[in-house]
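Visitor: I've got a structure to look at and a few questions about it. Can you walk me through what's there?

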Amino acid sequence: MLAASPPQWNGRQLSGNWDVIWYYTALHARYTVIAVTLGLVLAVPLAYVATRRRVAYPVLLAATNIIYAIPALTLFALLSPWLGYLNDKPIIVAMALYTLVILVRNIVEGIRAVPEPVIRAADGMGYRPMRRFVAVELPLALPGIVAGLRLATVSTVSLISVGAVIGRGALGKMFSDGYQRRIAVELWSAMFAVIALALLFDVVIYAAGRLATPWTRVRSARA
Amino acid sequence: MSTILDGIQWLTDPDNWGGRNGIGRAVLQHVWYSLVATLLAVIIALPIGLLIGHTGRGRFVAVNVSGLWRAIPTIGVVTLVFRWQPLSIWPVLIALVLLAIPPIVLNTVAGIDSIPADVRDAATGMGLTGRQALFQVEIPNALPLILAGVRSAANQVIATVSVAGFVGLGTLGVFIFTASRTARGDIMAGASIAIILLVLLVEGMFALLQRALVSPGVRARTPRRLRRAATVPTIPQLSEMSEPS
């Protein structure tokens, strides 16, 4: 995916190795963004179908739950023969699939919680179903969607590193390298980087969600 | 599709099952480590969850700590602990126990929280002491959710114990680890199918356990939504959800 060869950890100390940490953290962040975005892009149309066709929702829930029950390492392994053994595509696609169980459910439940009079008002104003979905139902479902996004993103950040077992997975590579070459500092650095990245994403999405849903603060203090 | 068929062929070939590096031994290791880790996690997490749920104190801390907890990468814990305890199963067990604690604690707390206020009032009204109320009213009523928590913890453990293969300690993870280096799609698929089958087996066992342990009255009353809480999150229950690993 990246042309330049990734930097290697030199020696057993931290100093001089910040470029390695930075490189893999940036890569990890990129994978997370791609995976969660892919998940969201898939989840919105699925949720649309689920809110319009009563039968579709339980089927979708069952399907996404089955995917969710597949262990991460196993899902990487299952996707590898199709997407390749030497790149990180299986990991990104697996992560995107995992986010579906959270995102589809949260979008659908969020939309179902939109009060009936609001839907009626939109209909009365002449909104077509698609436009009503995009302009009325989705925005009102945002608090639930944001909660789902936070959970999905934090899980994704942590899970990508499982790729270490098969020698992949951004910061996971620092785990496999640090383990094989017995460099404790590299392991600790990767550990802190994963946790810091997860927290950072969590805070950013939380803040963005608050900015995007000012009405939740007026109505109640729960937000 | 052919990869999956190749995997099934690899998995069902009796030649691959025997010996020190066979599937049979790997499955036993997989199940044994998972069992030990899950039991240890229950021993640690259940009292904590009951204490928080019963007293109502520390709930805020528990929910937030669990959120942060989710961010801890298992593979990191394994590799780090392995550094000072090489060639022992403890690093893997410690990582797995750490992983399995939050869903059990959160579901136990949620289980006690979900008991209707009048039920708890009735317990107090009947003159039950705090301890009696906990063991005779709260635990039986919270049991569906507690079991759901243990189930999701067990599933996570079964899925994650594969990392033992990474540090050379067996389990079905070994096959995935070596197959990824040699690009053997059939072994990868076969081992994956075996792990998924184990997960399904555990799911089934917990369904039976639920049937056997939960009082029929409680079973009838618990809404389906709550019974499935740990694996299928609704928005208010997001924090109780575990992640695949």
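Visitor: Let's start with one residue. Is B:Leu106 buried or exposed?

Guide: Keep in mind that this is a predicted model. B:Leu106 has 30 C-beta neighbours inside 10 Å. The cut-off for burial is 20 or more, so B:Leu106 counts as buried.

Visitor: And which helix holds B:Leu106?

Guide: Look along chain B for the stretch covering residues 90–113. B:Leu106 has its place in that stretch, which is helix H5 of chain B.

Visitor: How far apart in space are B:Leu106 and B:Arg59?

Guide: In sequence, 47 residues separate B:Leu106 from B:Arg59. Going C-alpha to C-alpha through space, the distance between B:Leu106 and B:Arg59 is 8.9 Å.

Visitor: On to chain A. How many helices and strands does chain A have?

Guide: Reading along the sequence, chain A runs α-α-α-α-α-α-α-α-α-α. The secondary structure of chain A therefore comes, with that helical pattern, to ten helices and zero strands.

Visitor: What share of chain A counts as buried?

Guide: The C-alpha trace of chain A spans about 70 × 40 × 30 Å along its principal axes. Chain A has 223 residues, and the share of them that counts as buried is 45%.

Visitor: What about contacts in chain A: what share comes from residues 24 or more positions apart?

Guide: Take the contacts in chain A with a separation of 6 or more. Within that set, residues 24 or more positions apart account for 69%.

Visitor: Are helices H8 and H9 of chain A roughly parallel or antiparallel?

Guide: The axes of H8(A), residues 171–180, and H9(A), residues 184–212, come within 8 Å and cross at roughly 160°. Angles over 145 degrees count as roughly antiparallel. That makes the arrangement of H8(A) and H9(A) roughly antiparallel.

Visitor: How many nonpolar residues are in the contact of H8(A) with H9(A)?

Guide: On the H8(A) side, the residues include A:Leu171, A:Met174 and A:Phe175, and they meet a set in H9(A) that includes A:Leu187, A:Ala190 and A:Val194. By class, this contact of H8(A) with H9(A) has two charged residues, two polar ones and, for the nonpolar class, eight.

Visitor: Last one, about the two chains together. Which helix gives the most to the side of chain B that touches chain A?

Guide: In total, 39 residues of chain B are in contact with 45 residues of chain A. Helices H4, H7, H8 and H9 of chain B each give two or more residues to that side. With seven residues, the helix that gives the most is H9(B).

Methods: Residues numbered from 1 in each chain as written. Chains lettered and ligands numbered in written order. Predicted model: local features only at pLDDT ≥ 70, side-chain atom pairs only at ≥ 80, totals over all residues. Axes fitted to C-alpha atoms, helices over the stretch in contact; angles between N-to-C directions. Helix = DSSP H or I, 4+ residues; strand = E, 2+ residues; numbered from the N terminus. Parallel < 35°, antiparallel > 145°, perpendicular 65-115°, else oblique. Contact = placed C-beta atoms within 7 Å. Nonpolar A, V, L, I, M, F, W, Y, C, P; charged D, E, K, R; others polar. Buried ≥ 20, exposed ≤ 12 C-beta atoms within 10 Å, placed from the backbone.
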